[in-house]
Amino acid sequence: MADPMTQSHQISSSQGLNDGRAKDSKFSVYDLVYWRDPKKSGMVFGISLLLLLSLAAFSVISVISYLLLALLCVTISFRVYKTVIQAVQKSNDGHPFKELMEKDVSLSPETFRKHVDVCLTYINCALKQLSRLFLVEDLVDSLKLAVVMWLMTYVGAVFNGITILILVDILAFTLPPLYEKYKTQIDRYVNIARTQVNTAVAKIQEKLPKAAKRSKAE
């Protein structure tokens, strides 16, 4: 009969191994933007930036067509190369992409419904917030949105959508490591700015009509 301590150690070891495999196999955006794996983060950052720069220089149809054409050139060339090698060596290895072709790439109904439910939750939440803001349930929040939209008109006059996406992509891969390195200093300045904003909002609320104050209190 096995020792209980040995069995417990084996169970914990197997659980730790399974947890490690689950963590390794799980895709994490957090690990990408914080450069936990520099090779993977660099590859994703390079591909995304190259794609956005291509969209800035060419139309969406041209970029998609060139990408698909490049992929076809690679796969056709590799298929012809393997066919020639098999003919010369007189081997019977078969199709070079046989393993990939045998994989099931179809989307199961359960997975589809799961993603649809998640998207539906976010959509309903967004619609509820938009209804609350545009129907002025809270005057202060609606004024905040008006200020943000007013500022966005100036941003839109300087940058187009692709340029903003390029800047977002660059900031997404540069700001998190900088924040992690200078977290204490950044948090201090953020708290100071938040305090000043809250003070300004409180002063604005004091000058609002009584009806607005009453709706805010409710």
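Trp35 is partly exposed, with a relative accessibility of 29%; this class lies between buried, under 20% relative accessible area, and exposed, over 50% (1.4 Å probe, protein chains only). The model is predicted, so that local features need pLDDT of at least 70 and side-chain atom pairs count only at pLDDT 80 or more, whereas totals for chains, interfaces and linings use all residues. Residues are numbered from 1 along each chain as its sequence is written, and side-chain values use heavy atoms, with hydrogens and water left out.

Aromatic pairs were assigned to rings of Phe, Tyr and Trp (its six-membered ring) with centres within 6.5 Å; planes under 30 degrees apart count as stacked, over 60 as edge-to-face and the rest as tilted. Tyr30 is partly exposed at 47% relative accessible area, while Tyr34 is buried at 16%.

The planes of Trp35 and Phe173 meet at 80° with ring centres 6.1 Å apart, and the pair is therefore edge-to-face. Phe173 is buried, at a relative accessible area of 9%. Trp35, Phe45 and Phe173 are joined into a cluster by ring pairs.

Arg188 is placed over the face of Tyr189, 5.2 Å from the ring centre; the criterion requires NZ of Lys or CZ of Arg within 6 Å of the ring centre and within 35 degrees of the ring normal.
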